[in-house]
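Let's walk through this structure together, one part at a time. Keep the sequence and the 3D view side by side as you read.

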Amino acid sequence: MIENTVELEVKHLKKYFPASHKRVLKAVDDVSFTIHKGETFGIVGESGCGKTTCGKTCTSILEKTDGEVFFQGKDVHNMTKAEKNTFTQKVQTIFQDPYASLDPHQKVYQIVSEGIRIHHLAKDKEDEKKKVMELLEMVGLNAEHATRNVHEFSGGQRQRIGIARALAVNPEFLFCDEPISALDVSIQAQIMNLLMKLQKERNLTMLFIAHDLAMVKHISDNIGVMYLGKLVEISPASQLYEQPYHPYTQALLESIPIADPGLAKRKGRHFLQGDVPSPVNPPKGCRFCGRCSKCMDICHETCPELKEISKDHWVACHLYDE
Ligand code: SF4
């Protein structure tokens, strides 16, 4: 249930990296958004658009270059040791690649119980064991799995272990960094359903990163569309699918596969051409210029600002200038 309380507030966040020849890679360039308690905010964009860097900077995995990020009112890049300790308990990450994020030689019990021990969340060994078994059951695994090594599990099962590890410390916020992208299509829906169920049961707040709009459709309350370091459209999820304004969002929606080839042909779909250009020294105007069929003179000169064009629906595009 979405409450009025602001859980994460991101203000003019920038994350730059030095590039060769004294140039600057602007991975995240002046991004602002707010996530309320119990809300799932999806960030969508193609590979290389800066969405994962944005999530990692918001959750203090990466240092910021400029701007501010507040979690429950605390500046996440300026925390005391005690505040950082609380933050690392309350904010957990589910990583994209369950093969790389879990040590294959560790036992499942070790992995899931580690956070419980670090944050002193169990009364004794028996209590710890009970908690681990409950967590495994919650994510669709069982007691017999606890004694096995991670390398014995499939990708989908490993992601379930990763989710159990994240939930072990009773988090309030989950940063889901493309948690289903590395999994077989047949497993993706299972993991999404599990995340949605857990989000509801525990009233978690989530920042959910994905590379296409189909993945975040059912899980997100609000969605931000990111292109080359900037959010170009922010909207309640239902509105975004019904009335996408930004040409990039429209192209992303067109790129969602339709199972019926006849219907796809009748709809006259225009797929997104080319790749995301380099974020090193990006152009001064609209960053989507080179791929936008509606590009105008002004688009080459001036970078469009986000404007609210209907309630809670923000777009950065000169097509909607007054
Ligand atoms: Fe296209 Fe111009 Fe809008 Fe950018 S500002 S998306 S180039 S119309």
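The lining of the largest pocket divides into 16 nonpolar, 6 polar and 6 charged residues. In these classes, Ala, Val, Leu, Ile, Met, Phe, Trp, Tyr, Cys and Pro count as nonpolar, Asp, Glu, Lys and Arg as charged, and the others, Gly among them, as polar. Before going on, note that this is a predicted model, in which local features need pLDDT of at least 70 and side-chain atom pairs count only at pLDDT 80 or more, while totals for chains, interfaces and linings use all residues. Residues are numbered from 1 along each chain as its sequence is written, and side-chain values use heavy atoms, with hydrogens and water left out.

What is a pocket here? On a 1 Å grid over the protein atoms alone, a pocket is an open set of points with protein on both sides within 12 Å along at least five of seven lines, whereas a cavity is a set of points where a 1.4 Å probe fits but cannot get out; lining residues have an atom within 4 Å of a point. Grid points are joined across faces, edges and corners, and a volume is the space filled by probe spheres set on the points.

The largest pocket holds about 760 Å³ of space. It has 28 lining residues, and Ser32, Phe33, Ile234, Leu306 and Trp314 lie nearest its centre. Two or more lining residues come from each of E1, E2, strand E9 (222-227) and strand E10 (230-236). E2 gives the largest share, 6 residues. These labels are DSSP runs numbered from the N terminus: helices (H or I) have at least four residues and strands (E) at least two.

There is also 1 cavity of 30 Å³ or more, and the largest cavity has about 100 Å³ of space. Cys286, Cys292, Cys299, Cys317 and His318 are the closest to its centre among the 15 residues that line it. Its lining has 12 nonpolar, 2 polar and 1 charged residues.

Now look at the sheets. Strands of a sheet pair through backbone hydrogen bonds, either parallel or antiparallel; here, two strands pair if DSSP finds at least two bridges between them. Strand E1 (residues 6-18) is joined to E2 by 10 bridges, and Phe17 has Leu25 in E2 as its bridge partner.

The other open sheet to follow has 8 strands in the order E6-E7-E8-E3-E9-E10-E12-E11, with mixed pairing. Its edge strands are strand E6 (91-94) and strand E11 (307-310), and the twist averages 20 degrees from one strand to the next. E6 and strand E7 (residues 173-177) run parallel, joined by 4 bridges, with Ile94 paired to Cys176 in E7.

Where do helices meet this sheet? Helix H6 (residues 185-202) lies across E3, E6, E7 and E8, running at about 160 degrees to E8. Axes are lines fitted to C-alpha atoms, for helices over the stretch in contact (heavy atoms within 4.5 Å), and angles run from 0 to 180 degrees between N-to-C directions.

Finally, helix H3 (residues 108-118) and helix H4 (residues 125-138) pack at an angle of about 115 degrees, with axes 10 Å apart. Their contact has 8 nonpolar, 1 polar and 5 charged residues.
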